[in-house]
Amino acid sequence: MTQIIPAILDKTPEEFKKHVEQLQNSHTFQEGWIHIDFADNKFVPNETIGVDVIEKYPTTLQKEAHLMVNNPLKWIEDLKKAGFKRVVFHFESEDNPGEVIKSIKESGMEAGIAINPDTKIDQLEPFKDKLDQILIMGIVPGFQGQPFIPETIQKIKALKSKNWPVVISIDGAVRDTNAKSLIEAGIDQLVSGSYLLIGDIDENIERIWEAIS
Ligand code: DX5
Ligand code: ZN
């Protein structure tokens, strides 16, 4: 079943508080998942709030972390403590992917790998049976509001045709105008940031549902 997951990439506790309130007050998002982006100014040239801020603003939403950081291993314990249900880290980050997956799973969370636009999906083959999710980036990670990279559609189709036992997610520049082609290519979860959160979130999500129905 298709899922639409809002993404937030916040640089201050105030922004995070505002986004959590916006989501909790929407008709659509009192439950469900939220994708929280973390950036360390090393893996990507941007820096977000840390896990300590998340703990200060409890939410009924299920939390997925997208770690755009080097050394994801050192984040896992704190994410578990802060109540995250799923951790997605980058294949291109510095740690050994097998070790990171093992640590996430041993902590009782779901594990996902995100891949940059230039990374080939074949490189994920050794991990396909250990992963819950593969997150395909439709943009170069780091910032919201960028244009969608059209070649991503082919990459999704190629991944889908492999029939690996994973949920396929797309992150970056997801909106009403490309949602249908993403679903047709094989996407299970649409992660959308600026399109959903700027303006009325309930109307925006409805436009995506209409586009894909
Ligand atoms: C990009 C983040 C995305 C981002 C999505 O670095 O990983 O999750 O928040 O935002 P939009 O939908 O605006 O590209
Ligand atoms: Zn993200």
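Predicted model: local features only at pLDDT ≥ 70, side-chain atom pairs only at ≥ 80, totals over all residues.
Let's begin with the helices. Two packed helices are described by the angle between their axes and by the distance between those axes. Keep that pair of values in mind as we go.

Have a look at helix 5, residues 152-161, beside helix 6. Their axes come within 8 Å and cross at roughly 25°. Angles under 35 degrees count as roughly parallel, so helix 5 is roughly parallel to helix 6. Which residues meet here? From helix 5 we have I153, I156, K157 and K160, and from helix 6 they meet S181, L182 and A185. Sorted by class, that contact has four nonpolar residues, one polar and two charged.

Now turn to the other partner of helix 6. Helix 6 spans residues 176-185, and it packs with helix 8, residues 201-212, at an angle of about 40° with the axes 8 Å apart. These two helices are therefore oblique to each other, and their crossing is right-handed. On the helix 6 side you can find D176, A179, K180 and I183, which meet R207, I208, A211 and I212 of helix 8. This contact has five nonpolar residues, three charged ones and no polar ones.

For comparison, ideal angles for six octahedral donors are 90 or 180 degrees.

Thanks, and I'm happy to take questions!

Key:
Residues numbered from 1 in each chain as written. Chains lettered and ligands numbered in written order. Heavy atoms only, no water. Axes fitted to C-alpha atoms, helices over the stretch in contact; angles between N-to-C directions. Helix = DSSP H or I, 4+ residues; strand = E, 2+ residues; numbered from the N terminus. Parallel < 35°, antiparallel > 145°, perpendicular 65-115°, else oblique. Left-handed = near helix turned anticlockwise from the far one by under 90°. Contact = heavy atoms within 4.5 Å. Nonpolar A, V, L, I, M, F, W, Y, C, P; charged D, E, K, R; others polar.
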